[in-house]
Amino acid sequence: MNADTPKASKLWVDVVGRISWLRSRPFLVDVSKVGALVGDLSESGFRVVRVDFPRGAADSEEALLIELSGRLGFSESGAGSWAAYNDRLWDLQTAESEPPLAVLIEGLDALLQSDVQRFVRCVHNLLSMTEAADPADAETGLQIEYFFTGRWALDQEKQP
């Protein structure tokens with residue numbers, strides 16, 4: 001890519017503005033809303049990737065990163081480490097001709113119930129790495145949004 005030639009703008013969606021019942025980040029979505037969420041995201045132009053949280057793994061973070069890497073089509077080399085995931089994320093962020101990406105991590109409530117610290121670390125790392133990987137700004141980088149689905153004890157006030 002020529003540094004003097006600006007990158008074409010990519011579609012950027014105001015997810016919370018578009019999906020009125022969705023609360024702000026991190027997007028914790030009750031399992032009862034997954035069908036509606038997938039439909040709303042698809043209609044908004046997102047490529048939706050669904051990832052099942054691997055229950056019962058000795059190292060839940062490593063297992064989640066391996067599952068994420070596989071579902072996103074990342075190289076298996078180093079899969080399972082945050083450093084490798086971050087590298088592949090950068091490659092994805094800077095790829096040409098990609099629609100916005102919505103990653104639904106299903107069943108992450110199981111990690112919260114078994115290990116709060118790992119749950120917080122996983123959510124934090126995914127969100128912060130993705131925001132840090134943005135090569136320029138919202139107009140030029142690939143929009144990647146994470147949705148953590150489960151049976152959350154949330155205030156249902158804003159839910160439809």
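Residues are numbered from 1 along each chain as its sequence is written, and side-chain values use heavy atoms, with hydrogens and water left out. Because the model is predicted, local features need pLDDT of at least 70 and side-chain atom pairs count only at pLDDT 80 or more, while totals for chains, interfaces and linings use all residues.

**Exercise 1.** Work out what span helix α4 should have, and compare it with the distance between its end C-alpha atoms.

*Solution.* Helices are DSSP runs of H or I with at least four residues, and strands are runs of E with at least two, numbered from the N terminus. The expected span is 1.5 Å times one less than the number of residues. For the twelve residues of α4 (residues 82-93) this gives 16 Å, and since the end C-alpha atoms are 16 Å apart, the two values agree. Among the residues of α4 that are buried are Trp82, Tyr85 and Leu89, where buried means under 20% relative accessible area, exposed over 50% and partly exposed in between, with a 1.4 Å probe and protein chains only.

**Exercise 2.** Classify the ring pairs Phe119 with Trp152 and Tyr146 with Phe148.

*Solution.* Rings of Phe, Tyr and Trp (its six-membered ring) pair if their centres lie within 6.5 Å, and planes under 30 degrees apart count as stacked, over 60 as edge-to-face and the rest as tilted. By this rule there are five aromatic pairs. The centres of Phe119 and Trp152 are 5.8 Å apart and their planes stand at 50 degrees, so this pair is tilted. It links distant parts of the chain, as Phe119 lies in helix α6 (residues 116-133) and Trp152 in the segment after β4 (144-150), 33 residues apart. For Tyr146 and Phe148, the centres are 6.4 Å apart and the planes at 10 degrees, so that pair is stacked.

**Exercise 3.** Determine which backbone nitrogen the side chain of Asp109 reaches, and which side chain of opposite charge is nearest to Asp109.

*Solution.* Asp109 belongs to helix α5 (residues 109-114). Its side chain reaches the backbone nitrogen of Arg151 at 2.9 Å. Asp109 is buried yet has no salt bridge, the nearest side chain of opposite charge being that of Arg55, 4.1 Å away; a salt bridge requires a side-chain nitrogen of Lys or Arg within 4 Å of a carboxyl oxygen of Asp or Glu.

Terms used. Lys and Arg count as positive and Asp and Glu as negative; His and the chain ends are not counted. A polar contact is a pair of N or O atoms within 3.5 Å; within protein, one must be able to donate a hydrogen and the other to accept it, and residues adjacent in sequence count only if both atoms are side-chain atoms.
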